[in-house]
Structures are given as C-alpha cells and as structure tokens.
Amino acid sequence: MVRPREIAGAVLRRPAFWPLGVYLFLALFAPFLTLDQPIFCKLHGRYLLPALNAFLGLPPPGPLGRPGADAEALLEKDPDSFALWPPFRLGPTRTYPEVLAPPSRAHPLGTDGAGRDLFAQVVHGARVSLFVALLSGLCAFLLGVPLGALAGSAGGWTDALLSRLVEVLAAFPSFFLVLAVMAWRGPDVLLLGILLGVTRWADLFRFTRAEFLRIGEREYVLAARALGMGPLRIALAEILPNAWGAILVPLAFLLSGSILLEAGLSWIGLGVPPTIPSWGHMLRAAHAGLFHAPHLLWPPGAALVLAVLSWNWAGEALRKGRR
Amino acid sequence: MFREILKRLLLAFPTLLGVTLVTFLVIQAAPGDPAELAAGVPRAGADTGRIEARLRAFMGLDRPPARRYLEWLEKAATLDFGPALDGEPVMDKIVRALPPTLILGTASFLLGLLFSIPLGVLGASRAGGLLDKALSNLLLVLYSVPSWLAGLVLILLFGVRLGWFPFQGWRSPEWHEMTFFQSLLDVARHSFLILLAVLLPGLAHDTLFVRQAVLEEMDKEYVQASRALGLPERRVLWGHAFRNALVPVLTLVGVSLPGILAGSVILEQIFSWPGMGRLFFQALQGRDYPVIMAVTTLSAFLVVAGNLLADILSVLADPRLRRHG
Amino acid sequence: MIRRVPFLLLTLLPPLLWGGCSKQEEATPLLPLNPPGLFAPRPKDPSKVAWERELVLRLPSPPSSLNPLFVKDALSAAVAGLLYDSPFDVGPGMEFLVNPSMVESFRESPDGLTFTTVLKEGLKWQDGAPFTSEDFLFTFSLLRDKDVPVLLLKAGLDRVRKITAPDARTIRVTFETPSPGNKWNLLLPVLPAHVWKPVRAGDPTLRKSRKALALARHPVGNGPYRLARFLPEEEVVLERWEGYPGPRPAFRRITWKVIPDRNAALLAFRAGELDALRVPHPADFLALGRDRALRGRAVLAKGDTWTYQFVAWNVSGRNPFFLDRRVRLAMACSLDRKSAVEKLFHGLFTLCAGPFHPSSPAADPSLSPIPYDPARAERLLDEAGWKVGPEGWRRRTCYFSPGEKGGWSLEPRPGAEARKATFSFELLLPAGSTATTNLALRWKDALARLGIEAKILALERSAFQMRVLKSHAFDAAFWAWGPGVDPYTSEDIFGSRGWPEGKNLGGFCDPLLDSLYAEGAAERDPVLRMKIYRKICRRIREEQPYLFLWYLPDLWVFRPDIRGVGFGPRGALGFSPGIQGWWAAAGEGRD
C-alpha cells in the first residue's frame, strides 16, 4: 500500500513534475498573480479578500462588487484604506482604452482587439482550461474507473458486455458529437467539461480493466478472496491502491487532451463563452489578425503548448516510473 | 482467433447501426430547420413562408422523422446515401472531398510510419543517452502542439512572412493546364504546410509509442540472452525486439486508420482544405443531415475496420495470439 | 530537466522575434484611395481598352448555385448575373432600370396596373436559340410552381392578375392593385424555356435529376459571359460571349477563385494572383494600404453602402427591459460609437442615425446620430423607473403574466403579478465574429458603469440566425440590414406586418408608423412620398426600435489598370452594371 506522503515525496523529487507544478500553481492562483483588484484590503472600514472571491469564482466582495467599480479609484478616495495588490494590477476581462496596444509597462504583452490585457488573459486562461480539464477528468474517471474495475474483477458476461459497449462508444466519432452539442446548446463551461469527459472515458476503462485483471491474479488478492473478503472490499482495499499509478497515466493524457480540445473548440467559437478568457479565443483573434497583428499569436500559443507539455511530461514520467 | 474475428465482424453491424441512430437523434434534437437555414436571410419583398415551405417539401422534411431514418437506412445499406439537402447526391460531395482528404491522410499515415519506426527504434537503442534524451524531449514538445496551432504558426512563418508555400486549397486553379508532373508538384506545394502541421504532433506520438514498445521488449530476458549468444546489436534490435514489439505497433497502425479520413475540422478551416472535415462542419452548420450521417457512418466504419485490421495483423505477426480463441 | 529549459527557449525565441515585428508599417503612407481614374467609364475609343485582359476575383465560399433562381447570397448573385441577363435591373441609385440591350420599349399603363415590354429583335441564348417572351412566361410559371424550391419568391407575385405574351417579343403583365412595388416584381432572371422544359417534365423540382445537375454545371444563359469551367470548392471561370447584344464584355475571361480564408485572400492579392479583392475588415484594409510590397501595384477603393448594423431590442414582452422608449434611448446614449469607430474600425465606418442613408431622398438630413452621453443615459433610466439598487444593479417593479399571451409589461395588468426585475439582459451575437465580440465586450463594461448587466451570448451562426429571425428568442441582438430598392420595403422591418413572420425582429408595433407606411404606399406623387418617409424617419428616431450603429463601407483593393468601378448603396456589386462596367486600360499591364 503506497502512502500519500511517499507519493508526494516521489513527485517533488522528479524534475518531470516541476513544469506541471508551476502550471498548476499559476493556473490555480492566477487571481493572486494578476487582478484588477487587491488580494487583501481595507475599504470603507471593512476588511476584504477580493482575490479569494475571484479564486472561488465569486463576484468581488462589498463595494468592489458594485457594477462598474474601479478598485484603484475607490481605494484612492478612501483615506483610511490600505491594500495589498498582486504583482500585476491587470484584470482579464476588463477592457482598457488602448486597443491592440504593443507591449508596454502598463501591459506587459499588450492588449487585444477589445482592449483586454493579453498577459492577464493568458494567466487566467490557464485557470479556465484547467477547470475544464479537471471536470472532464472527473467525469471520465467516474465513468471509466468503476466500470473498468467491474469488468476487470467480475469477468465473464459482465466483462464481455461492458467491453463491447465501450467498443461501440469508442467507434463513435466523439469530437463530432461534442461539436454538434456545443453548436446547438451554445458555449458553456460546465457543459464543455462534462461532454469532454463523457465522450473520452474509454481509455480509462481499458487501463482500469487491464490493471484489475492483472492485479486480480496476484497472491494477496487471491488470499483475500480465500479469506472471504467481499469483492467490493477487495477492490477498494487491495487492488485500487496498487492500480493508482497505472490509472494516472491515461488520466494525465486525458487532461492534456482536454486542454487542447477546449482551446480548439473555443477557437471555433463553440467552447467557452467569449467573456471568459480562453487561449482558444485568443488564438482565434490571432488568426483573424494574422495579417495586421501577428504578435497576438505567441502568448496564447506558447501558453497552450507549455500547459499541455507539462501534463505530457508528467504522464511520461508516471509511465516510466511504472517499469 | 478466427472466431474472435468473426465475432468482431458480426458486432460491426449493430455498432454502425447504433452510430447512425444516435447521430440521427442528435440532429433531430438540434435547433434550426434546414429549410429555414437554406432560405437564408429574407431579402426585400421575399415571401419567406412560402420559400421555406417549398424548400421543406424539396428536402423531404415534411415526412415524419422515423420514416426518414428508415428510408435513409435502407438506401445506406447499398451505399446510396441519397441526396443532400441541396439536391446534390451526398456521394458526389464525398467523392469530391475524398482526394484532398486521402492525400493528407495517406501521406501523413505513410510518412508517419516511415519515420516513426526507425526513429522509435533508434531512440530505444540509445535509451538513456544524450541523443535519446534530446529526441524524446523534442518529440514530447511536438506532441504537445495541436496540429491546428502548428498550422497557424507555419502559415504565419512560411505563408505570410516568407511566401514560400501557398496555404489554401489543395491545388492551384490552373491545375488543369498543367502536365501531370507539374500538377503533382503543385499539389505537393499546397500540401506541404498542412502535412507538416499534421505530421509534427502525429509523428511525435507514433515515434514515442514505437520507442516505448521496443524498450519494453528490450527489457525482457531473451534480448539479454541473444546478446550473450553474440548476436550483433542490429540483429537483436530489428530481428528480435522490434519483431516482438510489432503487435502494439500494428495496433497503432490499425487505430490510425480512421485518422486518414477523419480530417481535422479546425485544420481544414485554417487551410481552406476541401476535405471531409470541412464538409462535415459545413453540413453541421446547414443541418444537412444526410451528409452528417454519411460522414459519421463512414468514419465509424473506418474505426471498426481499423480495429479489425489491427487484430488481424497482430495475429499474423504473433502466432501466439492465435491460440487464445 | 534543467537542460530542457534553455532548449525550450531556443525553440520559442526565433518565432517570437520574427513574427512579432508588425508595428513598423505604421509610418509608411497609404496607397492612393479612390483615384479618379478608377471610376472612369469605358471610353468610346476601343483602342484604349485592354480587351484581352483576364480578371481574377475572389469568392469567400463556393457559389450556392449558378442558377439565379436558387441563388442565396450577393456574390453568387453577381456571378449568376454575368451569365444571365434580364430585361430589368437595379441602377446605382437604386432606381428601376430597363436593360437597353434587351428591351426596345417599356410602358406602364396610366392606372399603374399593366406593364408592357417589347423585346428587341434577334435576341438569342448562348446556345443560339432565340430569346422570346415565352422564356419570360416560363420562368414566371416556375416561380408560381410550388414544387420548385425558388429562393427568389416575392409576395408581390401574388398580385399579378394576368401575364400574357401577345407575340414572341411582347410581354404584358397586369397587377391587381396599383402599388410602387409592382414594377419591382418584374425584376426577375429569365431561364431558357427550351432547355428547362424537358428537365421539368421528369423533375418538377429542377434540382434533383441528373439532367438538372448537369445543367447546373453547364448552364445556358444569355449574359455577357458563358461558363467555361465550374469546380465547386475551387473556381468558377467565365468566358466572354461574343454574341452578346449589349456592349462588348470588357474581359476575355473572368475567374472567381474560391478562397475561404481571409488571410489567404489578402496574400493572394499581394502576390498578384487577384485583380480585385473586397476587404471587409478595416484593419486589413489599412494594412494592405500600408504594405510596401504593393507600392505602385494597387489602389484602394472605398464606397459607402446603405447597409447598416444595429442592435435589435426585443419589445414583444419577452423581457421588461426595453419596453420603455426612454430606456432604449438611454441604451443609445450608453455606447460611445464614435470612439468605437475610431478605435475598432479605424474611422472607416459612418455613424448611422436611422434606416435611410443620408444620401437617400427618404432620409431626414436634420437627424444626427445620438451622441454618447452617459449622464443623459442615467437620467433617462432613472426617469423610466430603473433605479440603482443596493447591489449597484438597476431594478424596477414590473408585471409578468404567464402563458402564451402573457409576458412582461411595465403597467399592472389583470392576471399579472408584480415582480422586482433586475436589469440583466442577454446580448446575442454570432460566434467567431471577432469585431462584434470586441465591441460587445467594451460595451458591457460601459453598461456595467450604468448599473446594467449585459450577458454576452455568442451562438453558432445557424443557431444565431434562427433565434433572431425565427423564434425571436433574444433580449438584444446584433444584426444588419441591407437597403431595399425603395423605402417602402422597410415596412417589413419596422411595421407590424413584419412581426413575427417577417423582418420585424423585436416585435416593435407602432400604429402611427403603420399608418405612415400605408400613406406612403398609397401616395403617387414622388415628392410627397418622400416627405412621408422622412416623417417615418423621425418617428423611428423617437421610438428607437433599434440602436442604429453605423453604415458599413465597401472596401476594395484593385490593380492600378482596372477602371469603370462604381459604388452604389449596395457597394461595388449588387446593381447594374456592376462588374459589367469594369474594364482594363490598355497599355498599363497588370503590375
């Protein structure tokens, strides 16, 4: 039985996981890196944590949550206030007066066609893509792992039926299905995440099933069975803890694939709504402006590649670690 | 094993049937009436209601969906996918989209195999060395770049900035005036960028896969035994390790088969490549259900065929598998 | 691992340096804009015209059809228009034109009911068969045939009481009632009866049979050009037809290349592969204009069209927000259109005050676009009862009655319950439209400062079209209308009769406006008619059924030797003569 601390130790020591760590850190803590509101402040006598609200996806607290509120202006006007700002005071969805501005002190990477800051969009876009990826991973996990475990441990008719079902599902051109449903329902973050998970759990199923078949033959499992342990308990206590490593491999690649698909679908306009920053949107704007504003291509392109790469590196390392 | 294959073949039919049924249901649930879409934005003085009624009758949409599905199924069994909603036979549209798709698909498939196998084996043989590390990392980076992003970058660098390659369409309009070799060169020039965009991530994936498969074989005892017996390294590598790694590699071949026809929707949009991906996307926008169903059925068929092919090839390559029938 | 980082940098750096350098073109001056020579009409002296010149143009998507009956969009219509000539057309000033190469005489009876057309002698189709009044009658019968899925069907055709061909050259059409629209219903393409009658016998739809499909690839027309080659997805090639009775077609060949990707089209022009290109995006237009590679090899052209872009307000009761006129006016004050035109569209769009372009006789020249005034917007919103709530968003008590005939209202109604509505509406726009999305995002922030929440919803194009045109399931939506041939056509947009089946998108029904339109339709005196339409303009301005944004320009780039271009209310194409008026100057060469 592998203990969590051992896993953590193993992870931190392997350089292959560091880019992933950086990516996860940036993506999760984007509001603490760049936001048009402070991390922590005292305004009108109240203590507020706007960055935390942004982190949780909530509207800003108190007077900062009023529509059209400008945090800097409000703080300036209140003599009794103080604020701890993130390193960059740029909001991802706020439109600034300068449109298609080149990189400058105010905007490190410049602004896009709507006047939104590119740097903030890149950083916050990581958050969105991570959210979609994790959601898809969760859905795929909830479908693939239990069913794979069932098929792997039960065997016989259950296994045959489930395996055939998965084959049929895998034959279905799932990208087309996702495309069709997103086209007809409109861009939606939750729907996208769920769809990406529900259409791509076949690999998780296969790996889980293979692991359960393999480990099921091991002596300790047979011993447990002989001792009269119920199949569910065997699965949870004996097999699953040893199968984690194998299951994480397809999961990592599933997540990296989801990031790519989200970007691609947002590029078409059928992914995430346009008010939410997404690398796909940025790339679409870059494509539209390829002739007169080609510099729009690099920030989201590099970000996308690096994000996917960090997942792939981690996946590769996990796979190597298994040997 | 042949019993397995027979079972698979029998399973193919309900699979395809299921695919067509689900596709049809999804289309029916879609908002947007193809007749209204075909009528388009009404022009001045236009009698939209009657235009749409006529279009609906023309497209056969005034019949109940169940009947339409069954009729479509009947004809599809004979590979007659019927007329698209604009009147042109679906087969004509597919046949027109086929050459650009096949060019891209077959070229990337063959080139992929051609390069990924030697590169993968090379990587496995030098595993752990500097070359292998650099190669693996480069491949991993390439694998992380989606084909359409690679396409955008290639267009910007080689199309817009340098102007070395055309980046739209698959041949120049003057192609009919060219000699055979000139037109070959013309198609090659048009295909270069999009092929590169497709190949880079695909090749990376395949090479890594092959390398992995061979590496796993190299770990096994028989390899050390062969080495101990004094066999030259090359023989060990190609004659034994690779031969045994063939099964997963052939699985890869089979699984890549549907990719020949899949056609990346986004990539084809970016390059204006008149392939199946673009055909599908346009049909989706126009709710052209005969085309949508034909394309999804064909692609599902290829997946099934590809899996079957992979199994057959695996059995041929590794006689041990035959016994598990 | 540490070794990987510099490796990554090495791969990313060169593209960053290279691709990022895009700003140096700001300093170079623009190519000549609208040089007078571009518009010069064809000279009488034939030696000045380069008759052997080929013209290469771009189609953004394959033509929906080459048969004018089944044509959907303006460009396909332009292509079909070169293949088929018809006796009547629309002129550059949106006037009714009689085609002098086909029509000998055209008479309207004093009671406005009967129109008699006498065709010229010796008219032929491209296959040599004679063009007679039978062809006109045949085409007309196709339009009335419910089996033929014609896209051109006009409601006005119902008003035709009788259509006869007293002899091979005369066509007589009689309408039920007099109307300014009667003439316009004669504007039909004509198909050759001798070619299509046999097809119709076996295929009433004219689109399904092999024969029909073959004819679609090899049409028989009577226009200045005949089809030489048609490869859907790739190109349409037209060749000069020497037998054309009108002025000799100026180009030996016209090729339309299908180039769906915008950037590829810009590059094709820059590389010399295209002779003329429509450049709808101002940023690209200016980028081409500043391109050093095009110095001396191209000229810019800009014409103002009467096509206007707007935001439609749904006032049918689906939401309570835009029911009050003052709110609609406030919304117009909330968007800084002038700044948007300057920043997002580089000053190339013209602000719009109403549906009739200032150069149209129906427009009231005293009306100017509503200026940006957030203070006034706030006052109007407060007046209309939308007060800022404790959270900062505006709220008002409105009344909602459920059910089919129900909906929102601002005044109490029997069966309606009072609800506190927060001003939060959905703004609909088509997905993938970068310019509109940018505008919407900026506007959203401006509206937030006023206490109004605008939720931007970008839908896939077809779904968007359906929701706006058919189901009217929107609160506010971006849309654009092109000009009709006559102001009376706007009744379908602003009058009650256009709701819900017609072009009235938001359910705006105003009895005063309807009566004005009825007056205008009945008025025979042209000066008095225009006075009525000016009143309509003012009424629309007061009521603000739409937030009028701007008129779109038609932006083109041409090779320097192209002449004879003209811009009408629909742009460079969409009227007579359109491309038929273009010619190339002899002795100047292509580049």
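Start where chain B meets chain C: 41 residues of chain B and 45 residues of chain C make the contact. Two residues count as in contact if their C-beta atoms, placed from the backbone, lie within 7 Å. The model is predicted: local features need pLDDT of at least 70 and side-chain atom pairs pLDDT 80 or more, while totals for chains, interfaces and linings use all residues. Residues are numbered from 1 along each chain as its sequence is written, and chains are lettered from A and ligands numbered from 1 in the order in which they are written.

Stay on chain B. H3(B) gives the most, with 7 residues. Helices here are DSSP runs (H or I, at least four residues) and strands likewise (E, at least two), numbered from the N terminus. Colour this side of chain B by type: 19 residues are nonpolar, 14 polar and 8 charged. Ala, Val, Leu, Ile, Met, Phe, Trp, Tyr, Cys and Pro count as nonpolar, Asp, Glu, Lys and Arg as charged, and the others, Gly among them, as polar.

Chain C holds 16 helices and 23 strands. Its C-alpha trace spans about 80 × 75 × 50 Å along the principal axes. Buried residues make up 47% of its 591 residues; buried means 20 or more other C-beta atoms within 10 Å of the residue's own, with C-beta atoms placed from the backbone. Of the contacts in chain C between residues at least 6 apart in sequence, 67% join residues at least 24 apart.

Go to the core next. Select Leu179(A), Phe280(B), Leu428(C) and Phe558(C), which touch the most other members of the 318-residue largest nonpolar core. Such a core is a set of buried Ala, Val, Leu, Ile, Met, Phe, Trp, Tyr and Cys residues joined through C-beta atoms within 7 Å. Helix H12 (residues 231-268) of chain A gives the largest share, 18 residues. Zoom in on Leu179(A). Leaving aside neighbours within four places in sequence, Leu179(A) contacts Leu270(A), Val265(B) and Leu284(B). Another core, of 16 residues, lies apart; Val210(B) and Phe242(B) are among them.

Finish in chain A. Select H6 (residues 118-154) and H10 (residues 202-216). Residues including Phe141(A) and Leu147(A) of H6(A) meet residues including Phe205(A) and Phe212(A) of H10(A). The residues of this contact divide into 10 nonpolar, 6 polar and 3 charged.

Note on methods
Axes are lines fitted to C-alpha atoms, for helices over the stretch in contact, and angles run from 0 to 180 degrees between N-to-C directions. A residue is buried if 20 or more other C-beta atoms lie within 10 Å of its own, exposed if 12 or fewer, and partly exposed in between; C-beta atoms are placed from the backbone.
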